[in-house]
Amino acid sequence: MKTRRTWRLAEREAAKREAAESGVDVRGVLAATAGALRGRAGWALGSVLVIALGLLGVRLFANGDDSGTPPDTRARAYKDYDACLLTDDKGIVTGAPAAPVWEGMQAASLDERIRVTFVPVTGEQSVANARPFLNGLVQRDCEIVVASGAPQVKAAEAAAKKNPEVRFVTVGEDGGAARDNLTRVAPGASLKDDITATVKRLAADS
């Protein structure tokens, strides 16, 4: 029966013969590998290998589809067209005079994909105070400017003469000089629908 010492000697001799034949110090390589995997160094090396393999897997998964994410077909594609509403200091809250006007503009936006915004005139409710607010909408390149409220309407009536490239819509009774770029919509039960139809028509004619 071979003793443990005899078995170890035979193992060493076999390793020496293999190293001699291959030209590689197998014992040295094995010793270095065992040392590297022993203790904290082994844990560190193993952790690095696990992290590296995980990152590689994530990268391969992310690059598996070169076509990229398809665009969201539900995204609304607006025209480059803006309809802007000028209101009194009450804005578009429920019950305010401009509330049905804003609802009509929103309905037109859903059908025609037109951007709609509103700006309230704060401070004194006068033509002089409404004028800079209205001029701001014109400078913002609003193609349609809708005015609700007596001071806002008068400011829009005056601005229509100076800005023929802008379409103005005023909410009020007929009055003043008629102009090609000025449309008057009378208040009443059908105001919302009338505003919707007017904005859609002006956008289609542009």
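Visitor: Why is the disulfide of Cys 84 and Cys 142 called left-handed?
Guide: The torsion about the S-S bond of Cys 84 and Cys 142 is about -80°, so the disulfide is left-handed. Please keep in mind that this is a predicted model, where local features need pLDDT of at least 70, side-chain atom pairs count only at pLDDT 80 or more, and totals for chains, interfaces and linings use all residues. Residues are numbered from 1 along each chain as its sequence is written, and side-chain values use heavy atoms, with hydrogens and water left out.

Visitor: What makes Cys 84 and Cys 142 a disulfide?
Guide: A disulfide here is a pair of cysteine sulfur atoms within 2.5 Å. The sulfur atoms of Cys 84 and Cys 142 are 1.9 Å apart, and the structure holds 1 disulfide. Cys 84 sits in strand β1 and Cys 142 in the loop between α5 and β3, 58 residues apart, so the pair links distant parts of the chain (helices, H or I, of at least four residues and strands, E, of at least two are DSSP runs numbered from the N terminus).

Visitor: Why is Trp 102 called buried?
Guide: Buried means under 20% relative accessible area, exposed over 50%, and partly exposed in between, with a 1.4 Å probe and protein chains only. Trp 102 has a relative accessible area of 11%, so Trp 102 is buried.

Visitor: And why does Phe 118 get another label, buried, exposed or partly exposed?
Guide: Phe 118 has a relative accessible area of 32%, so Phe 118 is partly exposed. Arg 113, at 33% relative accessibility, also counts as partly exposed; Arg 113 is found in the loop between α4 (99-112) and β2 (115-120).

Visitor: How do you know that Trp 102 and Phe 118 form an aromatic pair?
Guide: Rings of Phe, Tyr and Trp (its six-membered ring) pair if their centres lie within 6.5 Å; planes under 30 degrees apart count as stacked, over 60 as edge-to-face and the rest as tilted. For Trp 102 and Phe 118 the values are 5.2 Å centre to centre and 65° between the planes, an edge-to-face pair. Trp 102 lies in helix α4 and Phe 118 in strand β2, so the pair ties together parts that are 16 residues apart in sequence.

Visitor: What makes β4 and β5 paired strands?
Guide: Two strands pair if DSSP finds at least two bridges between them, and 4 bridges join β4 (residues 167-171) to β5, which run parallel.
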